[in-house]
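Here is a quick tour of one protein model, written for someone who likes to check things in the viewer.

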Amino acid sequence: MPTAFFITHPEVSVDPALPVPAWRLSDRGVTRMRAFAGSAVLSGLTSIWSSSEAKAIEAAGLLAAGLGLSVQVDEQLGENDRSATGFLPPADFERVADSFFANPHESARGWERAVDAQERVVRAVFRILGTHHDGDIAFIAHGGVGTLLLCKLLDAPISRSHDQPFQGHFFTFELPDYKIIHEWQPIADR
């Protein structure tokens, strides 16, 4: 039975002077993604899709290069829109992210609402899967929308309790029935 992988980009180089979607992977993130690209668990991949954000495209490119595949990009796989606040120091970011998940029908400081981001990413993943026919497929995107997709697939309420522990994780689900095989696992050791 084919498998879908939802993979989050690993560690990034934080640059408050750049818009968050333009951030790139850090050296550590590149190392972890390369290690994951060599994993036997990915040997059945026939298709790779990425968010349009730089860090996701870079991670997808590292994965694709290791497997001899191309990367297709869909902007609807992007992280929840946080442009209203731009860069936030880590402690502030965590507080707003907590509110984003705890109050999914409300905007946290102008961020895209969790229910809207969930609908967007679920619609994008299901649309892409509707055109996928053979082999395993990977989606390389972001932790927030990955958590929202995971909640949907688990038929669980939106909750940060389903969030990845840190950047650079993946979960898998069976096709065509969308049954979760496993929840978040790290792509590689930190």
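## A histidine in a loop

The side chain of His132 comes to 3.2 Å from the backbone oxygen of Asp134. That is a polar contact, meaning a pair of N or O atoms within 3.5 Å; within protein, one must be able to donate a hydrogen and the other to accept it, and residues adjacent in sequence count only if both atoms are side-chain atoms. The backbone oxygen of Gly135 is also in reach, 2.7 Å from a polar atom of the His132 side chain. His132 sits in the loop between H4 and E4; helices (H or I, at least four residues) and strands (E, at least two) are DSSP runs, numbered from the N terminus.

Is His132 buried or exposed? It is buried, because its relative accessible area is 16%, and buried means under 20%, exposed over 50%, partly exposed in between (1.4 Å probe, protein chains only). Leaving out residues up to four places away in sequence, His132 touches Thr46, Ser47, Ile137 and Leu175, where contact means heavy atoms within 4.5 Å.

## Where the numbers come from

This is a predicted model, in which local features need pLDDT of at least 70 and side-chain atom pairs count only at pLDDT 80 or more, while totals for chains, interfaces and linings use all residues. Residues are numbered from 1 along each chain as its sequence is written, and side-chain values use heavy atoms, with hydrogens and water left out.

In soluble globular proteins, nonpolar side chains tend to be buried together. A nonpolar core here is a set of buried Ala, Val, Leu, Ile, Met, Phe, Trp, Tyr and Cys residues joined through side-chain atoms within 4.5 Å. The largest one has 34 residues, and Leu77, Phe139, Phe171 and Phe173 touch the most other members. Strand E1 (3-8), H3, H4, strand E4 (136-141), H5, strand E5 (169-174) and strand E6 (180-186) each put in at least two residues. H4 gives the most, with nine.

A second, separate core has 24 residues, including Phe5, Leu45, Leu62 and Ala138.

The largest pocket has a volume of about 630 Å³. Of its 30 lining residues, Glu79, Arg82, Phe93, Glu94 and Gln167 are the closest to the centre. For the record, the search runs on a 1 Å grid over the protein atoms alone: a pocket is an open set of points where a 1.4 Å probe fits, with protein on both sides within 12 Å along at least five of seven lines, and lining residues have an atom within 4 Å of a point. Grid points are joined across faces, edges and corners, and a volume is the space filled by probe spheres set on the points.

Which helix gives the most to the lining of the largest pocket? H3 does, with six residues, and H3 and helix H5 (143-153) each supply at least two. By class, the lining has 15 nonpolar, eight polar and seven charged residues. Here Ala, Val, Leu, Ile, Met, Phe, Trp, Tyr, Cys and Pro count as nonpolar, Asp, Glu, Lys and Arg as charged, and the others, Gly among them, as polar. The second largest pocket has a volume of about 250 Å³. Pro21, Asn80, Asp81, Arg82 and Ser83 are the closest to its centre among 16 lining residues, and its lining splits into five nonpolar, four polar and seven charged.

The loop between helix H3 (90-102) and helix H4 (114-129) holds Arg113, which counts as partly exposed because its relative accessibility is 30%. The Arg113 side chain makes a polar contact with that of Asp116 (2.8 Å). Arg109 is in the loop between H3 and H4 too; its phi is near 55 degrees, a positive value in a residue other than glycine. Arg109 is exposed, at 53% relative accessible area.

Asp155, in the loop between H5 and E5, also has a positive phi, about 55 degrees, without being a glycine. Asp155 is exposed, at 72%. Finally, look at the peptide bond from Leu175 to Pro176: it is cis, with omega near 10 degrees, and Pro176 lies in the loop between E5 and E6.
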